[in-house]
Amino acid sequence: MIGKRLLSVVSCLALLVLGGCQLKDIDKRYFVVSAGFDYSNNTAKPYRVTLRLALPSSKVEEGGAMSVVQTVDAPSIAEAVRHLKATVDKELEFGHCREFILGRELVEKDGIDTSMQWLTRRRDIQSVSNIMIGEPDALSVVSLKPKSERYPGNSLFLSFGNEGTESAHTVTTYLFDLYRRLYETGLDPVLPVAGVFQDAYKIDRAAMLNKNKAKLYLDPEETLIFNMTSFGVNNTILVMPDKPINVVLAATNTKAKIDLKGGKDPVAVVQVKIEGFLEQSPPFLLEQDWGGLERKMGEHFSEQAERLLYKIRDAGVDPYGFGLHYLADHHNAKGSWEKWNRLYPQIRFEVRTSVSIQGSGLIR
Amino acid sequence: MIRYYYYHILYVGMMNIMVLVPYVLISHRFNGAVSSFPLAIVFGTVYSFVTSAVFQRFPGLGLPEIYKLFLPVWLANCLNLIGVAVWSTAGVIVLFSYSNTVGIFFNPEASSYLNLAIMAAACLWAATRSSRSVQFTHEILLIICSPLILWILFKAVFSSWLDWDAIRLVAGEGIRKPPSMTCFFAATFVFSGHMNITLFNRLNPGNLKFRLRWTIPIIGAFFLLVSFFVPIGFHGTQAVGNYLYVWSVTTDSLMMKYGFIQRVLYLFLLLYTFLSLLFVMNTWHTGMEFFKACFKRYKPLTDEVNVPAINWWICVVLAGTTFAYAYFTNDMINRVAAEVWLTVRFFIESILIVLLLVFLFMKKKGYQRRPIPSRTQTNGGAGP
């Protein structure tokens, strides 16, 4: 009886050991921390894949991050990654890679579709990876090794979202969001543009894509307005030119809502609510006319935002999702998508901004 | 005691993701998925009310014992065997899809039979226990994982990345289309937790009142709508149709920034390991008991301390079937099999509902073949 019990216990314990089978140890893996895809202008091997591989180190300190960069050209991304394995001694592990950089030339000449097919098909790539356009190419962004990194690759992903810096100029695009925008009717992809600037990354612009290829690049000021009106990003600024210095509102809270009003000749209404404190202002300006300043700042912002909206509309892209909103309003009835495609190039925009200033800071 | 009934309702509601219900619904999202929801809610609620009302009038009796009261032995055995087939195949399909999903996301390098073996061993152990143990295991596992699963679901519902325009579009367009039958069958699964009462009614005391039954449509509708609309909100109306493991990818789109691990996916899959274990345990145990009920000498015991060897043999056969199924099928065939199972299940359920109403009528008229057996031991099995 005891022998039988013992046997069953031992066989159950043996099952636990099975979990270790066919598994590679962590010290036999290379952790990819960022990956870049470029266009090589070689028709036989058009894709240039660059991977930054972290070298595990026992100490964690600023500037102590060690990594190597490997690059290879191949007819497709999948083949390139397989080929890259021949140049390294450990198994490549993409589970921790959250930065994918598409070279500007690739996005303009070949489009994002082929890269997206590979990225979404791979099971180990996180859906919350950050995708961006690398300028001038992905290679230069991937091979930069900033001095401030505590461990390899963390500098780049801290730039996005609100994990590290909360920059209002940085558009955050996750993989699942980009994939949704790639297929959705009436909602177009938008990507941040990352460049290299004095041993650091500079991610202050955005590219608007017509599904596959880049159509429009926004400058940093426009990116800021886009971020506020489209994503409702917090911790932004609102500037109004004034003498002797500009009035700057540090917006702590921004909310944006899109709506389509009117039946036959719809107007796209964007309602923006901004709350914040004055960060820079001529003395005594706020107490002279509190409500008036709020209104003036709102009008100024609406004007800027409308200019941006018309610019985006004329480029033929729809990153705000007005088209999707229109279809949802009309229950995707037959012919409404064609009707929207006729409407959109002539649509009028109206931005209604309500600014609420909560104070002038510590001084009057 | 009534809580055990609602545990089944709750866990089957959450379990629909592993039985590929969202996959079926989402693949029909533009042709009749949404309009089948109201029908499914009505049918699911009515069925739950009927089963609970009927079984309340047969306290302490499982479905095989009720068959024995009214039907000739050969017919009762046939019906029992149909029950065995429906319940056991559910466990087989879920076990396979679970090991497949885990093989893809957790441990891609290992053989998929390895995942299956580990999970099947656990299910084998759990399902062979006595009914009382199974019920307690069910309670413990459900209490551990349901708060976290609800947390993930609510995190997804309140996420700022959820696109309400896409949800409005699918809902607005879908409700205007005629309902799709496949979607209707799939959607009623969310409500079919009440079917577990067919066996576990043996454990219910005579004075059990089914209170709070109005919560059933609310719980069911909540899980149905969440498991259909949240993936659409995250992946858009078009791209959502491209994903095979739609809920795994949806939870992967969430982030726990300050969590122990950032990918919600791993937490989600771990929780669904528990739920799958629960589901397979319940289905195999039910199938096993129904099979044993076909024998003449069988007594419906619920509290055995030492389970009979036949339990092991039946469950080993079921585990073996799962391996054979895994060997001969692949993911695509499994999806078709799951769809077929969802359809067949609905018909069997409907037939059972009619039968139960007939039994209730026969009981009132006194057309019983045999007397109601006296309650078997309920002292926890501690006595001789």
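Analyst: Asp199(A) sits in the loop of chain A that runs between strand S7 (190-196) and strand S8 (201-210). The model is predicted. Although Asp199(A) is not a glycine, its phi is positive, at about 60 degrees. Most residues other than glycine have a negative phi. As for cover, Asp199(A) has a relative accessible area of 33%, so the residue counts as partly exposed.

Chain B holds another case of this kind. Leu20(B) is not a glycine either, and its phi is positive at about 65 degrees. Its place is again a loop, here between helix H1 (2-15) and helix H2 (21-27) of chain B. Is Leu20(B) buried or exposed? Its relative accessible area is 11%, and the limit for buried is under 20%, so Leu20(B) is buried.

The bond from Glu135(A) to Pro136(A) is cis, with omega near 0 degrees. Pro136(A) belongs to a loop of chain A, with strand S6 (130-135) on one side and helix H5 (138-143) on the other.

Next come the surface charges. Which residues form the positive surface patch? They are Lys255(A), Lys257(A), Lys261(A) and Lys273(A). Strand S11 of chain A, residues 247-261, gives the most to the positive patch, with three residues. Lys273(A) is placed in strand S12 of chain A, which covers residues 267-280. The relative accessible area of Lys273(A) is 57%. Exposed means over 50%, and therefore Lys273(A) counts as exposed.

The cysteines remain. How many disulfides are there over all chains? The count is zero. Cys123(B) illustrates this: the nearest cysteine sulfur belongs to Cys315(B) and is 9.5 Å away. A disulfide needs two cysteine sulfur atoms within 2.5 Å, so Cys123(B) is in no disulfide. Cys123(B) has a relative accessibility of 0% and counts as buried. Cys183(B) is also buried, with a relative accessible area of 0%.

Definitions and conventions
Residues are numbered from 1 along each chain as its sequence is written. Chains are lettered from A and ligands numbered from 1 in the order in which they are written. This is a predicted model: local features need pLDDT of at least 70, side-chain atom pairs count only at pLDDT 80 or more; totals for chains, interfaces and linings use all residues. Side-chain values use heavy atoms; hydrogens and water are left out. Patches are made of residues with over 30% relative accessible area and no salt bridge: like charges are joined within 9 Å, nonpolar side chains (Val, Leu, Ile, Met, Phe, Trp, Tyr) within 5 Å. Accessible areas come from the Shrake-Rupley method with a 1.4 Å probe; for residues, only the protein chains shown count as cover. A salt bridge is a side-chain nitrogen of Lys or Arg within 4 Å of a carboxyl oxygen of Asp or Glu. Lys and Arg count as positive and Asp and Glu as negative; His and the chain ends are not counted. The place of a charge is taken as NZ of Lys, CZ of Arg, CG of Asp or CD of Glu. Helices (H or I, at least four residues) and strands (E, at least two) are DSSP runs, numbered from the N terminus. Buried means under 20% relative accessible area, exposed over 50%, partly exposed in between (1.4 Å probe, protein chains only).
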